[in-house]
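User: I would like to go through the charged side-chain pairs in this protein. Please take them one at a time.

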Amino acid sequence: MGVSSYSDEYSSTIPPARLFKALILDSHNLIPKLMPLAIQSIEISGDGGAGTIRQINFAEGSQVKFIKNRVDELDEKNFSFKYSLIEGDGMMYKLEKISYEVKFESTADGGSINKMTSTYYTKGDFVLTEEEIKAGKEKALAMYKVVEAYLLQNPDAYA
């Protein structure tokens, strides 16, 4: 099994508490509303904390029909979230899992720095290509930007 980690950092004028609530705590409600052409629904099995399974069902016509994420750790006080992609069609035949660590931190100007680390656990001696990693990052960033735009346009949402 191979292991590869990648980190990204994004800055936003939105405070960490609002982003955390929208992107993490209420994503199962908000994301399908904001991105109906991409995500049909997000189903939750559990109380939202560690051990909870989130199944993301993609819209008809998508290359991937669904993925399942397991919540590994949810820290609402420190705005951090750890989860693992554990099942789904697409690249799962090449991967054991992908673990993610997301952290939202305050900045002096009232905004936030948002850090994400992705760790890929590949099966056998399979190696991920830069294109595959870039495609995953671009999808995550697109969702982040859609939610950020929504929060900017709706200053009372998730306040």
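Analyst: A residue counts as buried under 20% relative accessible area, as exposed over 50%, and as partly exposed in between. The model is predicted.

User: Is Lys-115 buried, partly exposed or exposed?

Analyst: The relative accessibility of Lys-115 is 32%. Buried requires under 20% and exposed requires over 50%. Lys-115 therefore counts as partly exposed.

User: How many salt bridges does a search of the whole structure find?

Analyst: The criterion is a side-chain nitrogen of Lys or Arg within 4 Å of a carboxyl oxygen of Asp or Glu. Searching the whole structure on that basis, the number of salt bridges found is 7.

User: Which residue forms a salt bridge with Glu-105?

Analyst: Glu-105 is in strand S6 (residues 95-106), and its partner is in strand S7 (residues 112-122), so the pair ties together parts that are 10 residues apart in sequence. The closest N and O atoms are 3.2 Å apart. The partner is Lys-115.

User: How many residues apart are Lys-68 and Glu-87?

Analyst: Their side chains meet in a salt bridge, at 4.0 Å from N to O. Lys-68 belongs to strand S4 (residues 66-75) and Glu-87 to strand S5 (residues 80-88), and this pair links distant parts of the chain. The separation is 19 residues.

User: What is the relative accessible area of Glu-73?

Analyst: The side chain of Glu-73 meets that of Lys-82 in a salt bridge (3.8 Å, N to O). Lys-82 is partly exposed, with a relative accessible area of 29%. Glu-73 is also partly exposed, and its relative accessible area is 33%.

Note on methods: Residues are numbered from 1 along each chain as its sequence is written. This is a predicted model: local features need pLDDT of at least 70, side-chain atom pairs count only at pLDDT 80 or more; totals for chains, interfaces and linings use all residues. Side-chain values use heavy atoms; hydrogens and water are left out. Helices (H or I, at least four residues) and strands (E, at least two) are DSSP runs, numbered from the N terminus. Buried means under 20% relative accessible area, exposed over 50%, partly exposed in between (1.4 Å probe, protein chains only).
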